[in-house]
Amino acid sequence: MFSALENINKAFESKARLGIMSALMVNESLDFATLKSLLQLTDGNLASHTRNLEDLGYITCEKRFIGRKPNTTFSITEKGRVAFAEHLKALEIFIKSQN
Amino acid sequence: MEANRNQQEALSALNDIKEMMEKTSRFKHISGWSIIIVGIYATIAAALAYLYLLPHPAICCFPEVTDTFAINTPHRTQLIVWLAVALAALAFTTVCLMSLFRARKHQPDFSITPSIRRALINFIVPMVAGGILCTSLILQGHYGLTSSIMLIFYGLALINCHHLTTSNIAILGYAELILGLVDCFMVNHDFLCWFLGFGIFHILFGIYFVVRNNKG
């Protein structure tokens with residue numbers, strides 16, 4: 001049981017981060033506003049979660065301007081994909097070990 | 001106790017992940033009623049065309065109009081093309097608006113994700129290609145294959161976008177495709193096939209969709 005828990009990634013423990021990662025797993029990229037409405041987070045909350053994931057190297061963000069409006073889009077990195085897949089596998093093993 | 005709670009948490013985490021992936025990668029709110037309405041549009045259009053535009057059996061006893069090509073004067077052809085374009089636009093708008101309405105009702109935080117855009121593009125590209133091909137054939141006076149090309153391209157468009165929406169839509173896609181392929185080997189049944197494919201198939205599939213959605 002311990003070995004199963006070892007791979008559970010602490011970075012994905014919060015529901016918001018789990019949501020960000022799952023949404024980015026199946027979408028090439030998502031912008032700030034879309035993510036915000038999907039996860040129903042406040043601006044500051046989403047920004048701090050994405051910054052955190054970015055610092056870990058799991059997602060990248062690209063800032064640009066559409067007209068005069070700043071637009072930030074996020075996408076998942078290869079490292080993030082691997083980390084998330086491992087996390088999923090660990091969750092699965094953990095659930096199976098309990099039954 | 002602790003282990004049990006952990007397991008609950010892990011399960012709910014997996015459910016959240018699954019839900020988020022589904023929500024952002026597929027558009028699951030296509031309105032069944034709108035599909036039925038499209039079928040009704042097509043039925044009305046077929047009835048109108050049958051009464052006013054096609055060489056009517058009743059008039060065909062007049063020797064001067066027995067030739068189909070005499071009936072299909074440029075003016076008449078133009079009218080048919082415009083009617084078809086208007087019908088397609090009306091049908092598309094109806095489905096989009098009613099589905100958007102349904103999505104907003106079921107999911108108040110609904111927003112247009114990149115995958116919805118991709119689904120629309122996947123659908124529109126084969127439709128536009130088929131539309132251009134049909135127009136070109138009609139303008140050149142080849143009327144025979146129009147209905148089967150419409151059915152084939154429409155079927156392919158549906159199959160092409162089913163993985164981004166409800167996968168059931170592929171059933172309708174394959175049905176239209178098969179009907180279109182059968183149609184291209186049959187002579188003189190184009191009108192019947194068009195009516196079957198765009199009218200009856202839509203109404204039947206729409207009913208199936210509404211029933212299935214109501215079940216959950």
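Two strands are said to pair if DSSP finds at least two bridges between them. The legends below describe close-up views of a predicted model.

**Figure 1. The hairpin of β2(A) and β3(A) in the predicted model****.** By the criterion above, strand β2 (residues 59–66) of chain A pairs with β3(A) in the antiparallel sense, over eight bridges. Within this pairing, A:R64 is found opposite A:N71 of β3(A). Two residues lie between the strands of the hairpin, and A:G67 adopts a positive phi near 65 degrees there.

**Figure 2. The open sheet of chain A, with its three strands****.** The strand order is β1-β3-β2, and the pairing is antiparallel. Strands β1 and β2 of chain A form the edges, each of them pairing on one side only. Strand β1 (residues 30–31) is joined to strand β3 (residues 69–76) by two bridges, and these strands run antiparallel. In β3(A), the residue that stands opposite A:D31 is A:T73. In a regular strand, side chains alternate between the two faces of the sheet.

**Figure 3. The helices of chain B****.** The secondary structure of chain B consists of eight helices and zero strands. Read from the N terminus, its elements follow the order α-α-α-α-α-α-α-α. Chain B has 216 residues, of which 29% count as buried. When contacts in chain B between residues at least 6 apart in sequence are considered, 73% join residues at least 24 apart.

**Figure 4. Helix α5(B) and the residue B:G141 just after it****.** The 26 residues of α5(B) should span 38 Å at 1.5 Å a residue, and the 37 Å between its end C-alpha atoms agrees with this expectation. The buried residues of this helix are B:S115, B:I116, B:A119, B:F123, B:G130 and B:C134. An α-helix has 3.6 residues a turn, so residues three or four places apart point the same way. Just after α5(B), B:G141 takes a positive phi of about 85 degrees.

**Figure 5. The largest nonpolar core, with B:A157 and B:L158****.** This core has 33 residues, and B:A157 and B:L158 are those with the most contacts inside it. The elements of chain B that give two or more residues to the core are α2 (32–53), α5, α6 (146–161), α7 (169–183) and α8 (190–215). Helix α6(B) supplies the largest share, ten residues. Apart from its neighbours within four places in sequence, B:L158 is in contact with B:I169, B:A170, B:L172, B:G173 and B:E176.

**Figure 6. A second, separate core, including residues of chain A****.** This core comprises 24 residues, among them A:F12, A:L38, A:I59 and A:F84. In soluble globular proteins, nonpolar side chains tend to be buried together.

**Figure 7. The contact between chain B and chain A****.** Chain B contributes 17 residues to the contact, and chain A contributes 19 residues. On the side of chain B that touches chain A, the elements giving two or more residues are α1 (2–25) and α5 (114–139) of chain B. Helix α1(B) provides the largest share of that side, twelve residues. By class, the side of chain B that touches chain A comprises nine nonpolar, six polar and two charged residues.

Note on methods: Residues numbered from 1 in each chain as written. Chains lettered and ligands numbered in written order. Predicted model: local features only at pLDDT ≥ 70, side-chain atom pairs only at ≥ 80, totals over all residues. Contact = placed C-beta atoms within 7 Å. Helix = DSSP H or I, 4+ residues; strand = E, 2+ residues; numbered from the N terminus. Nonpolar A, V, L, I, M, F, W, Y, C, P; charged D, E, K, R; others polar. Core = buried A, V, L, I, M, F, W, Y, C linked by C-beta atoms within 7 Å. Buried ≥ 20, exposed ≤ 12 C-beta atoms within 10 Å, placed from the backbone. Expected span 1.5 Å × (residues − 1).
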